[in-house]
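These are my notes on a structure I went through today. I record each item I looked up and what I found.

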Amino acid sequence: MTDRPSIEQTQGAIDSLAERLCRTCGLCCNGVLFHLVRLQTGDLLSEFAGLGLKIRRKKGSDQFSQPCPALENCQCTIYSQRPTRCRRFECQQLQRAVQGKITEAEALLQIQGVQQRVRQIETLMETLGKSDPKRPLMKRYEKVMAESVALIGEERIPRIELEREMEELQWILDREFRVINQEGPGEV
Ligand code: SF4
Ligand code: SF4
């Protein structure tokens, strides 16, 4: 009979799985899944400002925009001090992998598929005009779409493609990543 893993061993395995997946992903921090992070009671504002997060007060809540300035090469540089919502959020892919409903390789494939779609969207946006990579993907998309509304003929083709790609991306993100009825680190 094999020994059952201890709670610590099980938690350790979950943590390593999360670390491996999140280190190749970053979608919940880089402005693709969300556009801002709202701070919660107990989050220390002064501490976050010192860590490089630009906190602003808007509509009664303290928040900072994504892409998060603390994200570097898919890693949170303030991981041990990250805000409450960042600690709580686990996307659907991570949840399913942790629960053994999908394999790590399947989750990775989904992440890579989304990253590829994002690159395609960015290329199309560049074709249509300037787009600031420091802004969330959806905000960049809305700006490019608004500025290219008057294009006609062949010049309009990338705009049509961009609209279709973005619709497909949002559909995948809703179905495979975002979590309904659970607070994400940010808001769509
Ligand atoms: S979207 Fe999921 S896998 Fe990607 S970094 Fe966030 S929690 Fe990790
Ligand atoms: S602070 Fe939050 S949003 Fe920023 S990189 Fe860390 S986990 Fe992501």
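Which residues in α7 are buried? I noted first that the model is a predicted one. I then found Leu162, Met166, Leu169 and Leu173 buried in α7. Viewed down the helix axis, the buried residues of α7 lie within an arc of 65°, so they line one face of the helix. I recalled the general rule that an α-helix has 3.6 residues a turn, so residues three or four places apart point the same way.

Entry on the rest of α7. I looked at the other side of the helix and found Ile157, Ile160, Arg164, Glu167, Trp171 and Arg175 exposed there. I also looked up what covers the buried residues of α7, and the cover includes α5 (104–128) and α6 (137–147). For the geometry, I noted that α7 spans residues 157–176, 20 residues in total. The distance from its first C-alpha to its last is 28 Å, close to the 28 Å expected at 1.5 Å a residue.

Entry on aspartate 174. I located this residue in helix α7.

Entry on ligand 1. I listed the surrounding residues, among them Leu21, Cys22, Cys25, Cys28, Glu90, Cys91 and Phe177. The elements that contribute two or more residues to this shell are α1 (7–23) and α4 (92–98). By class, I found 9 nonpolar, 2 polar and 1 charged residue in the shell around ligand 1.

Entry on ligand 2. I found 11 residues around ligand 2, the closest being Cys29, Cys68, Leu71, Cys76 and Cys86. The shell around ligand 2 holds 10 nonpolar residues, no polar ones and 1 charged.

Entry on the strands. I looked up the partners of β3 (residues 61–65) and found that β1 (residues 36–38) pairs with β3 in the antiparallel sense over 3 bridges. Within this pairing, valine 37 has phenylalanine 64 as its bridge partner. β2 (residues 56–58) also runs antiparallel to β3, joined by 3 bridges, and I noted arginine 56 opposite glutamine 63. β2 and β3 form a hairpin with 2 residues between them. In that turn, lysine 59 has a positive phi of about 45°.

Note on methods:
Residues are numbered from 1 along each chain as its sequence is written. Chains are lettered from A and ligands numbered from 1 in the order in which they are written. This is a predicted model: local features need pLDDT of at least 70, side-chain atom pairs count only at pLDDT 80 or more; totals for chains, interfaces and linings use all residues. A residue is near a molecule or strand if its C-beta atom, placed from the backbone, lies within 6 Å of it. Helices (H or I, at least four residues) and strands (E, at least two) are DSSP runs, numbered from the N terminus. Ala, Val, Leu, Ile, Met, Phe, Trp, Tyr, Cys and Pro count as nonpolar, Asp, Glu, Lys and Arg as charged, and the others, Gly among them, as polar. Two strands pair if DSSP finds at least two bridges between them. The expected span of a helix is 1.5 Å times one less than its number of residues. A residue is buried if 20 or more other C-beta atoms lie within 10 Å of its own, exposed if 12 or fewer, and partly exposed in between; C-beta atoms are placed from the backbone. The arc is that of the directions from the helix axis to the C-beta atoms. Two residues are in contact if their C-beta atoms, placed from the backbone, lie within 7 Å.
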